[in-house]
Amino acid sequence: MTDLQTRTRIDWVSEGCRLLAQIEQEFSSTKPFQDLTIGTGIHLEPKTAVLLRTLHSGGARVVATGNLNSTQPETVRYLLEHGIEVMAEQTIDQEVHDLSLNQIVAEKPDLLLDNGGDLFAVYAETPYPGLLGGTEETTSGRMRLEPMRTELQRPILVINDSPIKQFAENRHAVGQSMFESYMRFTNRSTNGKRVTVFGYGACGRGVAACFRNAHSVVSVVEADPVKALEAHLDGFITPHRSEAIRNADVIVTETGAVNVISAEDLDRFKDGAILMNGGHFPTEIAVGDLTDSALVACRDRFDDLEIETLRLDDGRAVHIISGGHMANLAGPRPLGNSIESMDLGFALQARCLEYVAQGNATSADCVVPVPAEIDARIAREYLAIHR
Ligand SMILES: NC(=O)c1ccc[n+]([C@@H]2O[C@H](COP(=O)([O-])OP(=O)(O)OC[C@H]3O[C@@H](n4cnc5c(N)ncnc54)[C@H](O)[C@@H]3O)[C@@H](O)[C@H]2O)c1
């Protein structure tokens with residue numbers, strides 16, 4: 001009998017990140033980041049561990065923090081063992097998180113890899129001359145950084161605005177992982193349930209499609225009338241906001257906006273409604289205002305599930321998943337988006353950072369999409385592996 005080896009989840013993820021494996025091998029000899037420091041602020045979970053290891057293999061000193069709530073201790077231990085300097089802990093305390101962001105920027109990295117604009121926002125307040133530029137992963141980060149272009153004046157490539165990220169991660173993978181997270185957190189059925197999705201951008205479209213495929217009756221609330229029309233023509237119900245909330249067994253926010261669900265909606269929720277957010281910041285559902293409302297008689301917390309239940313004066317219950325944090329990276333055994341989708345997105349990250357490090361972008365490329373040649377290269381390489 002052959003030996004049975006014990007492997008970890010990070011090993012499993014590494015095995016599935018086949019694009020990053022190729023890049024890691026190439027970077028080990030080309031060393032595009034030799035003598036450079038890369039500061040990173042992105043969820044510290046297994047797929048990011050593979051990305052950070054890839055950057056490190058390219059000669060970079062990597063100093064890393066995470067995002068609110070999503071830092072996984074197993075990943076932190078792995079990164080430390082692989083020569084990455086981690087300045088982060090699992091926290092939902094914004095002040096603790098801010099301290100770690102300041103620590104990263106104080107290292108004066110040559111490149112920043114950001115997720116949500118956290119690091120570039122600190123840089124804009126405390127600039128230093130050596131920054132070459134970097135990348136931003138998300139829609140929310142792009143929206144935050146666009147008004148800061150005058151202060152930033154560095155090449156910043158927005159991974160989110162690559163068509164590959166749009167369809168591979170936002171549409172397909174976020175839909176699947178938010179659906180998986182609903183099942184994982186609640187263990188409730190989807191069949192015949194009325195699900196309302198707020199936002200019909202790339203992520204919302206995937207979420208709506210996944211719940212429809214699981215036999216839910218899905219409605220969409222979308223601020224942009226053109227996208228609302230698209231949802232309508234895709235066969236989703238597009239009721240007025242208040243009606244959509246009144247009928248919903250499950251409400252999912254996917255907008256990148258703030259206070260999409262507010263305390264004023266407490267009058268509207270159906271008894272037993274489940275509120276879940278997939279947007280980057282934990283502010284799409286105004287959880288504090290909901291829990292502090294005078295309409296709430298008492299609260300129960302299912303600690304091991306990370307579900308809080310508001311019991312209202314009139315006997316209705318409203319359940320909030322993981323305090324409104326991004327559900328697919330929260331709660332028990334958070335898996336995040338599929339390995340293949342993140343392999344694509346993180347291959348874009350690695351190539352974009354290489355592009356900036358090599359001086360191929362200028363300060364005019366401040367908060368712009370991924371160059372088309374990088375998209376084409378990643379697409380060709382992925383197809384060569386998988387088709
Ligand atoms: N959970 C994840 O793994 C994950 C992955 C990628 C992106 N995200 C995040 O998900 C969010 C959405 O991303 P996206 O790529 O779909 O963005 P997007 O800009 O393509 O779509 C957002 C949509 O929400 C709509 N909207 C805004 N405010 C609204 C409101 N109050 N009510 C109804 N609709 C409203 C907008 O009109 C837009 O169509 C962002 O915060 C993004 O950072 C999360």
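Strand β1 (residues 37–41) and strand β4 (residues 111–114) run parallel and are joined by four bridges. Within this pairing, Ile-38 has Leu-111 of β4 as its bridge partner. Helix α14 (residues 339–357) packs on the sheet, where it touches β1, β4, β5 (133–136) and β6 (156–158). The direction of α14 makes about 160° with that of β5. The model described here is a predicted one.

The sheet that contains β1 and β4 is open and is formed by seven strands, in the order β3-β2-β1-β4-β5-β6-β14. Its pairing is parallel. At the edges are β3 (85–86) and β14 (366–369), each of which pairs on one side only.

A second open sheet, also of seven strands, has the order β8-β7-β9-β10-β13-β12-β11. Here the pairing is mixed. Its edge strands, β8 (217–221) and β11 (296–302), each pair on one side only. On average, and with direction ignored, neighbouring strands of this sheet are turned by 20° against each other. Strands β12 (residues 307–312) and β13 (residues 317–321) run antiparallel and are joined by five bridges. In this pair, Glu-308 has Ile-320 of β13 as its bridge partner. Helix α10 lies across β7 (194–198), β8 and β9 (250–253).

The protein is divided into domain 1, which comprises residues 9–161 + 338–386, and domain 2, which comprises residues 170–329. The C-alpha centres of the two domains, domain 1 and domain 2, lie 30 Å apart. Contact between them involves 13 residues of domain 1 and twelve residues of domain 2. On the side of domain 1 that touches domain 2, α7 gives the most, with three residues. The residues of that side of domain 1 divide into three nonpolar, nine polar and one charged.

For residues 170–334, an unreviewed UniProt entry lists "domain: S-adenosyl-L-homocysteine hydrolase NAD binding". Over residues 170–334 the chain is 31% helix and 22% strand. The end C-alpha atoms of this stretch are 17 Å apart.

The ligand is surrounded by 29 residues. The closest of these are Gly-199, Gly-201, Cys-203, Gly-256 and His-280. By residue class, the shell around the ligand divides into ten nonpolar, 14 polar and five charged residues. Helices α7 (139–145), α9 (163–186) and α10 (202–213) each supply at least two residues of the shell. Both domain 1 (9–161 + 338–386) and domain 2 (170–329) give residues to the shell around the ligand, so the ligand lies between the two domains.

Methods: Residues numbered from 1 in each chain as written. Predicted model: local features only at pLDDT ≥ 70, side-chain atom pairs only at ≥ 80, totals over all residues. Near = placed C-beta within 6 Å. Nonpolar A, V, L, I, M, F, W, Y, C, P; charged D, E, K, R; others polar. Domains from an automatic or database assignment. UniProt positions renumbered as here; feature names shortened; annotations may be inferred. Contact = placed C-beta atoms within 7 Å. Pairing = 2+ DSSP bridges. Axes fitted to C-alpha atoms, helices over the stretch in contact; angles between N-to-C directions.
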